[in-house]
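Please read it beside the sequence and the coordinates.

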Amino acid sequence: MIRITLPDGSQKEFDHPATVSEIAAAIGRRLAKEALVGRVDGRLVDLSHVVPQDARVEILTGDAPEGVEILRHSTSHLMAQAVKQLFPEAQVTIGPAVENGFYYDFAYKRPFTLEDLTAIEGRMKELVRQDLPVARNEMPRDEAVAFFRSQGEEYKARLIEEIPADQTISLYRQGDFIDLCRGPHVPSTGKLGAFKLQRVAGAYWRGDSRNEQLQRIYGTAWPNQKALDAYLHFLEEAEKRDHRRLGKELDLFSLQDEAGGGLVFWHPMGSRIRGVIESFWKERHTAAGYEMLHTPHMANLELWRTSGHTEFYAESMFRPLTVDEQQYQIRPMNCPFHILIYKDRLRSYRELPIRWAELGTVYRYEMSGVLHGLFRVRGFTQDDAHIFCREDQIEQEIQAILDLTMEILSTYGFKHFDVYLSTRPDKAVGSDAIWERATTALRNAISARGLAFVEDVGGGAFYGPKIDVKITDAIGRKWQCSTIQLDFNLPERFDITYVGDDGERRRPIMIHRALMGSLERFFGILVEHFEGRFPLWLAPVQAAVLTITDAQNDWALAVRDQLRAVGLRVDADTRNEKIGWKIREHTLKKVPYLLIVGDKEKQNGTVSLRARSGQDLGVISAAEAVERLLTESRARRASDQPTP
RNA sequence: GCUGGCGUAGCUCAAUCGGUAGAGCAGCUGAUUUGUAAUCAGCCGGUUGAGGGUUCGACUCCCUCCGCUAGCUCCA
């Protein structure tokens, strides 16, 4: 008798070793139909897997994340089968599930075209209709190598050769197609369906650019058509928000071919927003006990030798230039400069923690192919800060940084934070003891703020553990902006010290931290997050006063000046255009408030207030308008909805 | 850097088989004085990314280069 325990705690008994399918059938017909894979004592297995003894069994469908992942993986195999049928000379390599979909890399004599993709997709649908069973077989490693080599699948053979000789290899067969795969897979091709091939791209064998290039086909796959449609719709939404498009439409910034790739030009409207972001940042940092620094954009290469950048960061740095026989390096980071200020005189333990912040512009060499709008550039400004403190101050400093991070980011409307803690990698500087104590301090600080976190064991930099924070934007995309890194290395390299209460020289701990990361990138994220509809406090033009005819020009200018007098960014539109046209133009520019003035308003000293949403907020006095906009702007409300 | 895709007016796009490069918007000029998302007319605007080749003739076909763009870690 075999006893199967289900996730709800209930049990089923079988008088023989049952397959996962049989167990699913015993639970319910619908489940048996929708089942994709099973989990037996925590291990994912095929439905055909025989459960030989008492076990905990879970049946997974397309509703479970693991089920979807299997679905995607199986779809990549389906694609490989279709490709092999249409292009028998193509060799298969690897084809995993990835976020939202899958890919498969092929070695083929020529790149696949979009027409090929259509044909492949058509063949995949046909294979789904045939509902071919997907069967698992096992074979000794050497036999598998010989088998794939005989099939002309050199890459597969090479992959298997890397597997230990004594290990048994699993193969999956569906119709005429056999692939090496760990599995598990869906039981038959008929279980697949909602997929779409998206693009073809080059990818290197083993991800190494020294190796030969393969043809990678990307696709997306979902449990049902509805989910696929929703995802395709999401992609369209994301495209509408593209900061490169909105940046042009709203005249915020540009990248200039003549200047070179990855160098950002902030136009007046973008600069206004950046100015607001910077003042807010400075205000909160000053309140949190930071001092502001300004340091040079380049320095003698010797400094970068001391810091170790020439050794460990060389490939991201621009080549040095020669000045008066000396080599100068344009900076890829700000930290060495802050250290020089620290070193400029003797420091006492009484001064610690020292918190120094700088909106520091840095230049890093990025390969031309990776440049992307504001998200990946070669020159950008970090909201950088360095904290020099004693070891016993780490925990409270990290807590304070987390507080500041949450405060600043939530003001932009980011409410959900994913926190990651990365610990000691194999190669690291500093004693195990200091790593242990520092990592514990980070862990404590995160917990003290009631935050959940994921621990990335061994994911820290060689010089210290770190905390990364990801934010989630308005359409659910995650972005890592904030990073808090402990550094046991630079204080050592620069031999910085402070005098302790016992008169002895001691080594401070250094914390690097950036909340927004790169202002350029953060700004790009904001553009996409708000879809260009910046909340009042950020909007480059917060309000526009529109006249009906030129008879109201004097009143419009007076209203504009009243609003400007309290610091609001306001324009008057006195052009000889119809009001409908003016409203359209300013609405397309996403101006939060329009103040319309005709003869009635002029006579009564009022304005007619219209929100960006189109909502009519009624006629109010100019003084009320000033009060209302000023209050909302000062509140830094992140919503783009007007005050009710 | 590598592989694919794309480069036509400031922007978005058209141009049949290789046969005189076109439209809307923007800009400029003028008319219109207008009440909550498009008033009308005229004008200006191009070495079709650059260079070379094939051809009687090239936006179109071929070659080289430049730029943009998608991708180039993720359990075989």
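**Notes on the predicted model**

1. Glutamate 311 has a relative accessibility of 56% and therefore counts as exposed; the cut-offs are under 20% relative accessible area for buried, over 50% for exposed, and partly exposed in between, with a 1.4 Å probe and protein chains only. Glutamate 311 forms a salt bridge with arginine 493, the closest N and O atoms being 3.8 Å apart. A salt bridge here is a side-chain nitrogen of Lys or Arg within 4 Å of a carboxyl oxygen of Asp or Glu. The pair links distant parts of the chain, 182 residues apart: arginine 493 belongs to helix H15 (residues 490-493) and glutamate 311 to helix H11 (residues 309-312). Arginine 493, at 30% relative accessibility, is partly exposed.

2. On conventions, the model is predicted, and local features need pLDDT of at least 70, side-chain atom pairs count only at pLDDT 80 or more, and totals for chains, interfaces and linings use all residues. Residues are numbered from 1 along each chain as its sequence is written, chains are lettered from A and ligands numbered from 1 in the order in which they are written, and side-chain values use heavy atoms, with hydrogens and water left out. Helices (H or I, at least four residues) and strands (E, at least two) are DSSP runs, numbered from the N terminus.

3. The search of the whole structure finds 48 salt bridges. One of them joins arginine 636 to glutamate 283, with the closest N and O atoms 2.8 Å apart. These two partners are 353 residues apart, arginine 636 in the segment after helix H20 (622-635) and glutamate 283 in helix H9 (residues 268-287). Arginine 636 is partly exposed at 22%, and glutamate 283 is partly exposed at 35%. Shared partners join Glu283, Arg284, Glu407 and Arg636 into one network of salt bridges.

4. Arginine 129 is exposed at 63% relative accessibility, whereas glutamate 126 is partly exposed at 30%.

5. The buried residues of H13 include Ile394, Glu397, Gln399 and Thr411. Just after H13, glycine 413 takes a positive phi of about 95 degrees.

6. Strand E24 (residues 417-422) is mostly covered, five of its six residues being buried. Strands count as paired if DSSP finds at least two bridges between them. E24 runs antiparallel to strand E26 (residues 466-472), with six bridges, and tyrosine 420 has aspartate 468 as its bridge partner there. E24 runs parallel to strand E25 (residues 453-456), with four bridges, and serine 422 stands opposite aspartate 456.

7. RNA strand B is surrounded by 49 residues, the closest being Leu180, Arg182, Gln213, Ser368 and Asn576; a residue is near the strand if one of its heavy atoms lies within 4 Å of it. Of the atoms of RNA strand B that come within 4 Å of the protein, 47% belong to sugar and phosphate.

8. Individual contacts with the RNA may be checked in turn. An N or O atom in the side chain of arginine 244 is 3.1 Å from a phosphate oxygen of RNA strand B. Glutamate 601 places a polar side-chain atom 2.5 Å from a base nitrogen of RNA strand B.

9. The peptide bond from leucine 352 to proline 353 is cis, with omega near 0 degrees, and proline 353 is in the loop between helix H12 (335-343) and strand E22 (354-363). Asparagine 100, which is not glycine, has a positive phi near 70 degrees; asparagine 100 lies in the loop between strand E9 (97-98) and strand E10 (101-107).

Notes
A polar contact is a pair of N or O atoms within 3.5 Å; within protein, one must be able to donate a hydrogen and the other to accept it, and residues adjacent in sequence count only if both atoms are side-chain atoms.
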